[in-house]
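Me: I have a structure to go through with you. Can we take it piece by piece?

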Amino acid sequence: MKITSLKLNNFRNYKSLTLEFSNKQNIIIGPNGVGKTNIVEAIYVLAITKSFRGSLDKVLINSDSNEMVIEGRIKDKIFHNYKLSLSEDGKIVKVDNNKVQRLSDYISQINVILFTPEDTNIIKDSPTCRRNMLNIEISQLDQSYLHMLNEYAKVLKQRNAFLKLMYVNKLASPDYLWILTEKLVDIGIQICSYRQKFIERINEYYDDIYYSITGKRGIKVSYVSAYKNKEKNELLKKYRSYLDKDIILGKTSIGVHHDDIVFSIDNNNLRDYGSEGEQKNAIICFKLAEIEIYIKEKKKYPILILDDLFSCLDSKKINNILKKLNKNLQIFITTTDLKHINTRILTNCTVFNIKKEKVVKQIYE
Ligand SMILES: Nc1ncnc2c1ncn2[C@@H]1O[C@H](COP(=O)(O)OP(=O)(O)O)[C@@H](O)[C@H]1O
Ligand SMILES: [Mg+2]
């Protein structure tokens, strides 16, 4: 899968911009604050319909405008045109000019794998951040997963609302609560199984990749869930034992909405024992393992975005990574300086030099 061109209208600092990309390495250079990340962010938003910069959607719209549009031409066997527009009226996505009603039907179509400096905190961050990462990655691999997540969120909301009602109205019959609980458990079991399989697949590639980048072994990622290896009846019993607590709290104490993943080296949790460098390596290798899943199991090449990698890893390691990446991958790299990149890797790269909303394109020779 390749993005061959990108057209922006009033996206962030770009009033109007069209770029034609290379199918191989694209390097976006320019000083800090010039709009490099904005370009790769646009590709990401076109794929995921949301930014990775955790901010509100409206900040994506140029501050002088009320509407923004991102258009991209994607080659995946055949060409398709993707379009995402955002205004006060909301978000609209189109494929080949046909509106897609549900974002969840749209999201798995363009596959991107992104690494940003913010990702390096993921091991230290809250479980919510790690779950978000997991959800985004699995959704791209499997559309039905995203539908399940939405369904789970809906039932969870209903269950929490009913718990609150039960707190106020002590006479409310719990029958409806158990109907919702059973639904929640059924969907939760499926979500758990998807997550467990995904983590197992990551681990198949993880240690070898980590070794090839760092020269060390022993890395692993583990899935932590109250649902793991549990039968439906066991889980329902657990919900029953938590009923009083749940009613007092007005929310559901157990479920896959509390799942987490733990990164470890030689079984030592990287969150507590890992150096900052080890944590960064662990995350980048996790993303690289995902690429392997796409290539080996889906026979697909996702679009790889490496945003400002040089601000968080040393040049040697990065060049090591770039050298090892599959030659068929389309890659986007943003950096302030080409001097970080090995000249052999740079040969034939397409370089976009950003100068105050103007982009100068050249092929590196
Ligand atoms: N909604 C917006 N409207 C106009 N400019 C914006 C908007 N959002 C961000 N910017 C500008 O984008 C620039 C940052 O772009 P970014 O891509 O993060 O830079 P970098 O090249 O360092 O990656 C800043 O100058 C910021 O003011
Ligand atoms: Mg940046």
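Me: Which domains does the domain assignment of the chain give?

Reply: Domain 1 covers 1-111 + 301-365, and domain 2 covers 125-299. The bounds come from an automatic or database domain assignment. This is a predicted model: local features need pLDDT of at least 70, side-chain atom pairs count only at pLDDT 80 or more, and totals for chains, interfaces and linings use all residues. Residues are numbered from 1 along each chain as its sequence is written, with chains lettered from A and ligands numbered from 1 in the order in which they are written.

Me: What separates the centres of domain 1 and domain 2?

Reply: 29 Å, taken over C-alpha atoms. The contact takes 15 residues from domain 1 and 15 residues from domain 2. Two residues are in contact if their C-beta atoms, placed from the backbone, lie within 7 Å.

Me: Which helix gives the largest share of the domain 1 side?

Reply: Helix H10 (residues 315-324), with four residues. Helices (H or I, at least four residues) and strands (E, at least two) are DSSP runs, numbered from the N terminus.

Me: And how do the residues on that side of domain 1 divide?

Reply: Eight are nonpolar, five polar and two charged. Ala, Val, Leu, Ile, Met, Phe, Trp, Tyr, Cys and Pro count as nonpolar, Asp, Glu, Lys and Arg as charged, and the others, Gly among them, as polar.

Me: Switching to ligand 1. How many residues surround it?

Reply: 14, and the closest are Asn13, Lys36, Thr37, Asn38 and Ser63. A residue is near if its C-beta atom, placed from the backbone, lies within 6 Å. The shell around ligand 1 holds three nonpolar, nine polar and two charged residues.

Me: Now the open sheet. What is the order of its three strands?

Reply: E9-E10-E11, with antiparallel pairing. Two strands pair if DSSP finds at least two bridges between them.

Me: Why is one side of E9 and of E11 left without a neighbour in the sheet?

Reply: Strand E9 (219-224) and strand E11 (268-269) stand at the edges, so each has a single partner strand. E11 pairs with strand E10 (residues 260-265) over two bridges. Ile265 has Asn268 in E11 as its bridge partner.

Me: Which helix packs on the sheet?

Reply: Helix H5 (residues 175-214), touching E9 and E10. The direction of H5 makes about 170° with that of E9. Axes are lines fitted to C-alpha atoms, for helices over the stretch in contact, and angles run from 0 to 180 degrees between N-to-C directions.

Me: Last one. What joins E5 to E6?

Reply: A hairpin, through two residues. Strand E5 (residues 78-87) and strand E6 (residues 90-95) are antiparallel, with six bridges.
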